[in-house]
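Notebook open, structure up on the screen. I'm jotting things down as I look them up.

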Amino acid sequence: MANTRTVTVINGDGIGPEVMAATIRVLEALKVPLEFEHKDAGAEVVAKYGTNLPHETVEAVLRSGVALKGPTGTVVGGGLPSANVGLRKRLDLYSSLRPVKSVQNVKTRYENVDLVVVRENTESLYAGLEHIIVPGVVESLKIITEKASTRIARFGFEYARKHGRKKVTGVHKANIMKLSDGLFLDCCRKVGREYPEIHYEEVIVDNLCMQLVKDPTRFDVMVLENLYGDIVSDLCAGLVGGLGMVPGANIGERTAVFEAVHGTAPDIAGKGIANPTALMMSAVMMLDYLDMREEARRMEGALHKVYGEGKIRTGDLGGSATTREFTDALIAAL
């Protein structure tokens with residue numbers, strides 16, 4: 001096929017292979033000019049490679065420039081470092097982008113939620129730079145740099161300008177961490193002055209969490225450091241039905257990885273009942289990134305149609321449809 005683009009596919013762990021197979025079925029039904037190259041990562045491939053992030057997988061994403069990724073498992077409190085964090089570091093995927101939007105007929109406590117979380121992806125506490133000083137004392141290092149803070153702020157403001165957003169909120173704890181979060185805010189302010197048409201505000205992270213729960217419609221685009229962004233993005237997902245309803249992208253200068261932001265759900269893995277919506281919505285973001293906008297709108301429209309009709313939904317949303325039945329309905333709606 002002429003002008004075919006290669007996409008690196010990483011199934012991941014748990015329900016990853018199931019939701020990935022469903023998503024690729026939809027992409028193939030769309031007849032998008034994509035060729036899928038499968039590579040491994042995650043806890044389930046450690047025995048084979050001795051690592052959860054094989055070098056050849058990273059090289060494949062560097063070659064293709066774009067990957068579609070399922071969830072990968074990470075051991076809590078021990079074991080190998082996160083494959084997700086490793087991928088972001090090695091590919092310098094400095095921006096985590098999570099649009100959070102209400103979906104028709106998915107009942108939650110809120111309506112008309114339309115938020116965008118822009119999370120710095122490479123530094124701060126979440127980078128995992130920690131060591132034991134003496135037995136019983138552990139030090140974790142929070143690194144904030146002008147370079148990383150400036151480029152994530154610029155990403156947030158550029159996204160707002162491109163998508164007609166009116167407000168950017170810089171999220172911080174500079175009342176306590178005056179130097180590190182102070183530097184982050186200083187960078188946000190400097191960049192914000194280049195976008196006079198966009199209102200810029202600053203909110204302390206704990207206050208932000210309360211305000212989001214009270215009225216999420218008061219926020220638009222939020223720019224956050226790494227750890228704050230991880231916490232707030234999951235909070236925002238809860239406003240619209242959970243992580244199964246939210247797409248995600250990790251974007252760098254030359255490469256991008258689009259992934260479902262939920263976990264591996266080992267309790268339902270292999271049962272054919274997983275909800276593939278989050279990965280499918282991430283694939284829509286991928287199509288937009290690849291300038292396949294017509295196909296992106298068709299896939300997005302099919303998702304909205306299936307949810308709008310309210311007849312087919314998976315168990316996590318109170319329905320009884322299998323992964324295949326949901327996918328069949330989506331393909332029929334294309």
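This is a predicted model: local features need pLDDT of at least 70, side-chain atom pairs count only at pLDDT 80 or more; totals for chains, interfaces and linings use all residues.

Is Leu 129 buried, partly exposed or exposed? I looked up the relative accessibility of Leu 129 and got 39%. Buried would need under 20% and exposed over 50%, so Leu 129 goes down as partly exposed.

Next I checked where Leu 129 sits: it is in the loop between β5 and β6, the latter being residues 130–134. Leu 129 also belongs to a nonpolar surface patch, together with Leu 141 and Ile 143. The three share about 210 Å² of accessible area.

β6 runs antiparallel to β7 (residues 137–140), and I have 4 bridges down for the pair.

**Sheet entry.** Then I went for the 10-stranded sheet. It is open and mixed, and I wrote the order as β2-β1-β3-β12-β11-β4-β5-β10-β8-β9. At the edges I find β2 (34–39) and β9 (199–204), each with pairing on one side only. Ignoring direction, neighbouring strands are turned by 25° against each other on average.

I zoomed in on the β2 end. Strand β1 (residues 5–10) runs parallel to β2, and 6 bridges join them. Arg 5 has Leu 34 of β2 as its bridge partner.

Two helices that pack on this sheet went into the notebook too. Helix α7 (residues 205–214) touches β5 (114–120), β8 (167–172), β9 and β10 (221–224). I get about 105° between the directions of α7 and β9. Helix α9 (residues 277–289) touches β1, β2, β3 (66–69), β4 (95–101), β11 (247–251) and β12 (256–260). For α9 against β12, the angle is about 160°.

**Arg 25 entry.** Last one for today: which residues does Arg 25 contact, leaving aside its neighbours within four places in sequence? I found Arg 324, Thr 327, Asp 328 and Ile 331. Arg 25 itself lies in helix α1 (residues 16–29). Arg 25 and Arg 324 are 299 residues apart in sequence, yet their C-alpha atoms are 9.8 Å apart in space. I noted a relative accessible area of 27% for Arg 25, so I filed Arg 25 as partly exposed.

Methods
Residues are numbered from 1 along each chain as its sequence is written. Side-chain values use heavy atoms; hydrogens and water are left out. Two strands pair if DSSP finds at least two bridges between them. Axes are lines fitted to C-alpha atoms, for helices over the stretch in contact, and angles run from 0 to 180 degrees between N-to-C directions. Contact means heavy atoms within 4.5 Å. Patches are made of residues with over 30% relative accessible area and no salt bridge: like charges are joined within 9 Å, nonpolar side chains (Val, Leu, Ile, Met, Phe, Trp, Tyr) within 5 Å. Accessible areas come from the Shrake-Rupley method with a 1.4 Å probe; for residues, only the protein chains shown count as cover. A salt bridge is a side-chain nitrogen of Lys or Arg within 4 Å of a carboxyl oxygen of Asp or Glu. Buried means under 20% relative accessible area, exposed over 50%, partly exposed in between (1.4 Å probe, protein chains only).
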